[in-house]
Every structure is written in structure tokens, then in C-alpha cells.
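Student: Before we look at any details, could we work through this protein by question and answer, starting from the way its elements are named?

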Amino acid sequence: MKQARNTKSTSKSSAVSTREKILNVAEELFAEHGINGVSMRQLTAAANVNLAAINYYFGTKETLLAEIFARRAGPIIEQRGKMLEECEEKPGKPPILEQVIEAFVRPALDSTQGPDGLKFMQLRARLSYERDQTIRDLFPRFFDPMTHRFIEFFQKILPHLSKAEVCWRFHFLLGAMIYSMANPGRIQTLSGGICNPGDWEENLKEMVPFLAAGFRAPPVIAAAPQSKSRKTKQG
């Protein structure tokens with residue numbers, strides 16, 4: 001009986017490790033070549049498993065990619081939710097814009113730490129250029145519910161802005177965040193090495209007040225077309 005239990009336990013452990021191994025190898029290959037640049041044969045060879053194992057655990061490459069996204073995006077979303085709750089309005093203590101911005105940005109920056117984080121950052125960057133709509137839909141599928149909560153929160157604490165203006169400014173927040181995460185080395189060159197986006201605390205110290213100032217700026221007022229004004233004067 002004891003031997004049977006040990007065998008069952010070992011089998012279960014082996015199954016988990018095989019699944020994790022497939023996920024790890026697939027993430028690395030997809031990050032380097034894109035999902036369409038990796039064949040099932042390459043995947044099975046790199047993971048040292050047979051095709052039946054991949055079919056058993058995931059079925060398709062798309063499902064496999066979704067599982068990779070789920071395990072990496074989950075902690076980011078959870079941390080954002082916890083930090084956003086700490087920003088909720090309390091008696092005598094209104095939410096602070098800088099805290100809400102940091103609640104969105106910090107978890108994303110934290111997620112890029114270590115080899116696994118860098119690998120997922122590379123994967124996200126590559127997938128953003130994919131034309132396959134099924135693949136592109138992974139971003140809204142996992143991130144949008146929480147992201148909409150942040151947009152609603154920004155609307156609440158920035159009543160001078162319309163929803164469109166909040167969304168535009170959030171768009172610029174995403175741009176600053178993603179470029180910092182990618183860390184292509186441009187600012188290091190321009191600054192002579194005194195600025196390093198890889199130092200997340202220094203990055204946040206500079207980025208958060210910059211973004212907050214952008215959110216607090218007054219609404220953009222469209223000016224009358226100059227050409228029309230000139231024609232009126234000339235007439």
C-alpha cells in the first residue's frame with residue numbers, strides 16, 4: 001500500500017514538472033521567435049517531451065500561450081488590485097493621484113525583475129506586433145478588467161477631465177511604463193550613464209510625479225483653425 005502511494009505521489013510530481021517544463025520552454029521560444037515562428041516539432045524537441053504531452057496539457061499553441069500569460073499576468077493584476085484598494089477614499093483621507101499611478105506602474109516594473117520577468121517582458125513586446133487578432137486579444141482578456149478600474153478611478157479623482165482626456169493621458173502613461181520596462185538603453189546613452197530605467201525605485205521617483213503633472217494639466221481646448229480666421233479678416 002505504502003509503495004503504491006509513493007508511486008502515485010511521484011507520478012503526480014512528474015506530471016507537474018512536465019507541464020511546467022513545457023510552459024517554461026514555450027515562453028522562451030515564443031519570446032524569441034513569436035508564436036508563429038515556433039513549430040510543434042521545435043517545441044517538443046526543446047522541452048524533451050513528445051507531442052502527446054503537449055496535446056494532453058494544452059491542446060494548441062494558442063492555449064499554451066494563454067496559460068503562459070495567465071501565470072505571469074496574474075501576480076501583476078493581483079498586486080495592482082491590492083494597491084488600488086489602499087488608495088480607496090476614506091473619511092478625511094482622499095485618494096492621492098500619485099499613489100494611484102504608482103499602484104498601476106509598480107507591479108508592472110516589479111514583474112520584469114529576474115530572468116523570468118525579462119523573458120515575459122520580451123514576450124509581451126513581441127506579441128504587441130502580432131497581427132493575429134486571437135493573439136492580440138490576450139492583452140485585453142487578462143489586463144482590461146483591472147485596467148478599467150484604474151481608468152474609472154482616474155475619472156473619479158480628476159473630475160475636470162472628460163473620459164476621452166483621461167484615456168489619452170492613460171495612453172501616455174502606458175507608453176512611459178512600457179518603454180521603461182523595455183529599457184532599450186537610449187536614456188543611458190543620452191545621459192552619459194547617470195540615468196538607468198533598470199533602477200525601478202529611481203525610475204518611479206522620476207516617472208510618477210511627471211505623469212501626475214500630466215494628469216493634472218487642464219483640459220485641452222481646441223483652438224479655432226488659423227486659416228479660417230485669416231480668410232475672414234482678408235475678406
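Tutor: Helices, at least four residues long, and strands, at least two, are taken as DSSP runs and numbered from the N terminus. Bear in mind throughout that this is a predicted model.

Student: With that numbering in hand, where in the chain is asparagine 48 placed?
Tutor: Two helices need to be located, helix H2, which covers 40-47, and helix H3, which covers 51-57.

Student: Is asparagine 48 buried or exposed?
Tutor: A residue counts as exposed when its relative accessible area is over 50%. Because asparagine 48 has a relative accessibility of 65%, it counts as exposed.

Student: What is the phi of asparagine 48, and how far is its C-alpha atom from that of isoleucine 22?
Tutor: The phi of asparagine 48 is near 60°, which is a positive value in a residue other than glycine.

Student: Which other loop residue has a positive phi, and what is that of asparagine 183?
Tutor: Asparagine 183 lies in the loop between H9 and H10, and at 26% relative accessibility it counts as partly exposed. Its phi is again a positive value in a residue other than glycine, and it is near 45°.

Student: How many helices and how many strands does the whole chain contain?
Tutor: Read from the N terminus on, the elements run α-α-α-α-α-α-α-α-α-α-α-α. The secondary structure therefore comes, under the DSSP-run definition, to twelve helices and zero strands.

Student: What share of the contacts with a separation of 6 or more is made by residues 24 or more positions apart?
Tutor: The protein chain has 235 residues, of which 37% count as buried. Among its contacts with a separation of 6 or more, the share from residues 24 or more positions apart is 73%.

Student: Why does threonine 18 count as buried, and which residues does it touch?
Tutor: Threonine 18 has its place in helix H1, residues 2-33, and it counts as buried because its relative accessible area is 18%, with the cut-off set at under 20%. The C-alpha atoms of threonine 18 and valine 49 are separated by 8.0 Å, although the two are 31 residues apart along the chain. Not counting residues up to four places away in sequence, threonine 18 touches Val49 and Tyr57.

Student: Which backbone atoms lie beside the side chain of serine 191?
Tutor: Serine 191 is found in the loop between H10 and H11, and with a relative accessible area of 17% it is buried. A polar atom of its side chain lies 2.7 Å from the backbone oxygen of isoleucine 187. A polar atom of that side chain also lies 3.1 Å from the backbone nitrogen of cysteine 195.

Student: Which helix gives the most to the lining of the largest pocket?
Tutor: The largest pocket has a volume of about 510 Å³, and its lining has 13 nonpolar, three polar and four charged residues. Helices H4, H6, H8 and H9 each supply at least two residues of that lining. The most, seven residues, comes from H8.

Student: What is the volume of the second largest pocket, and which helix has the largest share of its lining?
Tutor: The second largest pocket has a volume of about 410 Å³. Its lining residues divide into ten nonpolar, six polar and three charged. The largest share of the lining, five residues, comes from H11.

Terms used. Residues numbered from 1 in each chain as written. Predicted model: local features only at pLDDT ≥ 70, side-chain atom pairs only at ≥ 80, totals over all residues. Heavy atoms only, no water. 1 Å grid on protein atoms, 1.4 Å probe; cavity = no way out; pocket = protein on both sides within 12 Å on 5 of 7 lines; lining within 4 Å. Points joined across faces, edges and corners; volume = space filled by probe spheres on them. Nonpolar A, V, L, I, M, F, W, Y, C, P; charged D, E, K, R; others polar. Buried < 20%, exposed > 50% of the residue type's maximum accessible area, 1.4 Å probe, protein only. Contact = heavy atoms within 4.5 Å. Polar contact = N/O pair within 3.5 Å; in protein donor to acceptor, adjacent residues only side chain to side chain.
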